[in-house]
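Trainee: Please take a close look at one part of this model, the charged pairs, and go through them in some detail.

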Amino acid sequence: MPEWVAQWIWDDSGPAPRNYYLEARCSFELSAVPDHAELHCTADSRYVLFVNGARVGNGPVRGWATNWYYDSYDVASLLRPGENVLAMLVLQPGESNFQYVLARGGLLAQLEVDGATVATSERWRVRPSPGFSRRTPRVSCQQAFATEFDARREDLAWTAPGYDDSSWATPTVVGPVGCEPWTNLRPRPIPFLTNEPVYPQRVISSTVVREWAHHVTLHLAPVLYPGKVDSNPRTHRVLLATVARSPAPGETRFLFAETCDGNPAVMVNGRRVDAPDGWATVPLSAGDNLLVVDISRVYHHMYVTMSADGPEGLSFRAPGATEEVARFAAIGPCPDAAAHAATLASATEAALLEASGPLLKPIPRVDECPSVWGTTVTAEPIGAPGPGAAHEALCWANADVAVVDPVPPGQATELLVDFGRELVGPLEFEVWASAGTVLDFHLFESIQEGRRQWPETTHNTLRYTCRQGWQQFRGVMRHGFRYAALHIRGATAPTRIRRLMCRLNTYPVARRGSFECSDDKLTRIYELCAHTTRLCSEDTYVDCPLYEQTFWVGDARNESLVSYTTFGAYDLARRCLELVPESMFRSPIPESQTPSGWQNLLTAWSLFWGWACEEHYVYTGDRDFVARVYPQVRQMLDNLLAMRDARGLLAIEAWNMLDWAPMDTPGAGIVTHNNAELVACLRAAARLAEVAGSPEDTPRFREAADALAAAMNAHLWNSSRDAYVDCLRQDGSQSPVLSQQTNTVCYLCGVVPESRRAAVEAVIREAPEGFVRIGSPFMMFFAFEALAELGEHQRIVDWTRQWWGLMLDCGATSCWEVFPGFDPRWYTRSHCHAWSAGPGYFLPTYQLGVRPDAPGFTRARIAPIPADLSWARGRVPTSAGEIEVDWRRREGSFRIDVSLPPGTEATLVLPFGGEPRVRPTGFGAVHVSGKWHIELPAGGSCTAEQPDG
């Protein structure tokens, strides 16, 4: 921890301006280059750091303002005698999202070199960035804003020595380290993310396209809910209205996005027009036409996108206003459904104004944003797409260039670029262009049967406007994608692209784990899962790299287990698990995603955190970790136990989902899977209490778990259907809905008594007629855990081949969020979702057979389960090294080679009953319960062979 003398600084733009980029710099003199120079810095909410013009890094990691983080760099190699410059680009979103809870803008830096200190203070100079536009849409409700940068406005020399900053402002001092809101400042707990250049694999096509003329994304919150900066959802009745002035009668095409789920109600002069998936062909009369769209829905961030293609001269204005003041208006929120419907049906502008009254709120032009999303989605090819080979220099890491010729106004050249696999990271490119040339990037994950799956409600885009000459740019936002649609327009000379790449930006991991077997599909599935898990490992585990990049607590439990077996990334899991309970300052149990502007409780996710805390101890043996988190685990459980009703069952008001499936899990009351998960969490906490030095809690939690399990069996078992129901209704009656999910979890959590086990086991194996079936790969993880307890290992392998093999057969390079069928239009929404990477855990854990048998892998259990495989080999990481296993079945025998790292001893359990031969001969084999057990010393290795079968 440095001895801080630096002060938090900002400018005079206000505490938290929306989508604001601040540039800050300080020059200083050195007489010589130092051997060591440590720079500590942070910002709220994000920064990019430069030293003498060189980009050094970015951060900080996500956190709560009251427990904020700083980063440290050794920058000695970047310093020089004479003038030196520290510079920071700071992004303040001005709104909360699912990664950040709004506090205020600020930056802090302190360089310690040769006994002197250079620190943020009034000596620094600051200015708003002239290059980054503030009028851009949010990427999604989970993320901050899309990037639009105009290189003509920015002098990039501002990060380097010799730049004249005399016109910049003196910063405002917010306060010293420890001031509000950053009362506790902590060092970064994990390494910096990777920065790996990845080039495209091919250019699929080069096409001249015609672009629609009108594209806008509207920010509704400032007029509907002034001052709303959180991410909590609002459900409301709202209309979008505009007067479309057409120079002549005819049809105009529209696309309305982010408006509602399904087909929005679109009214033109009082008549409804069909708008399947938001696409509408609208008959307009010459002159003014009243266009009203029902945009009622659940909103987290309140943006609506509209594109239009009509006659030249088509214009828009808000009802009752001039075009200069506002082009669109929001009407609402309307408390009355009938009044809402009547306003929607208004046939004239005057009628609309009378019906809406004070609910009509013009949307200021400042709250309109250009829409790269709409521009690229609505573009139409002019002629057949040309081959991409003419521009394949995009794929080469050399000095060659791809040349794109200019096209007429209203057109663009589209390059459809394939990076070959799912990636995550910022884009970087180098181009020569004429001033005013626009590069629009729309990044997406899938092309399904020739159709591009544009990310819905997600502006995964970048707009860059070129200055004259050679230039390079690296984005500040991380994008998840495989494909890029690049539109180039407005050029007056050929555009030359020397470099296009993604800077692969993930948590740094080594491939310590591996798995190969006789079934190539299973080998590829393991790799699929490992790649997915890496892409969803950021400064926390995240659900997906494209849509959200959100730390969902329940997802992270499964992600951690996969990461333990593939990478041994224990410190990222520890970082996540310790971050989770920090939300409990405002909620009785850990929130579903953290830190987040959406204050949401998802009961199962909180309980999975409790499970994951014990699992982390089992894999790492980290007793200090248990001592740190156990008080919060206990607090959560005490709060939940206080919510039991007179029947002894947990009744909670929360989001009570478990799976993307039609289960009956109401937002308040008694939900069966919650109660089962609480039973398991209480038992895990009873064990953790002993480790944490609180043995007095152990019997209390065990008794509470047993009592809760008894209450479940008394009230939640349907004896006529031989299964547990999904919930109890408000009147106390049992839900008629029964599901494979609920019964799987009850079994896995140890709720099912012996007399009912056979019935529940049958449901786990195959959902009976009328039961809700497992709907997602996430839920399949728990099914696999239950099947493993049942000894149904062949079924696990078969289901893995069936469902994850389907992903491979469809060209997946990472694991899908859901199985096909959830969305009838597409295979899945997210094509990279680490909650789905379960086989990356199960294949090495069961087919290689490697599991911890004592905390921290001081003892391992190696019990391979061949299923129908003829051979398997691989490594499983531990904190002491890797356990290596190589087995094969050949000519009636089973042979296995095992190697252990120092510090790990093991019990090797052979899969068949025949007496083995063991080498070295000093190892003895003991027959236990039909299996041969061989005790291996720490750091040892052996070969065992026995008859197969």
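Mentor: Arginine 478 and glutamate 538 are both buried, that is, under 20% relative accessible area, where over 50% is exposed and anything in between partly exposed (1.4 Å probe, protein chains only). Their side chains meet in a salt bridge, 2.9 Å from N to O; the term requires a side-chain nitrogen of Lys or Arg within 4 Å of a carboxyl oxygen of Asp or Glu. Arginine 478 sits in the loop between strand E39 (469-474) and strand E40 (479-489), and glutamate 538 in the loop between helix H5 (520-535) and H6, so the pair ties together parts 60 residues apart in sequence. Helices (H or I, at least four residues) and strands (E, at least two) are DSSP runs, numbered from the N terminus.

The model is predicted: local features need pLDDT of at least 70 and side-chain atom pairs count only at pLDDT 80 or more, while totals for chains, interfaces and linings use all residues. Residues are numbered from 1 along each chain as its sequence is written, and side-chain values use heavy atoms, leaving out hydrogens and water.

The structure holds 68 salt bridges. In another of them, aspartate 71 pairs with arginine 188, with the closest N and O atoms 3.1 Å apart. Aspartate 71 belongs to strand E6 and arginine 188 to the loop between strand E13 (185-187) and strand E14 (196-198), so this pair links parts 117 residues apart in sequence. Both aspartate 71 and arginine 188 are buried.

Aspartate 645 and arginine 647 also form a salt bridge (2.9 Å, N to O). Here aspartate 645 is partly exposed, at 22% relative accessible area, and arginine 647 is partly exposed at 34%. Elsewhere, salt bridges with shared partners join Glu428, Glu430, Arg474, Arg498, Arg499 and Arg503 into one network.
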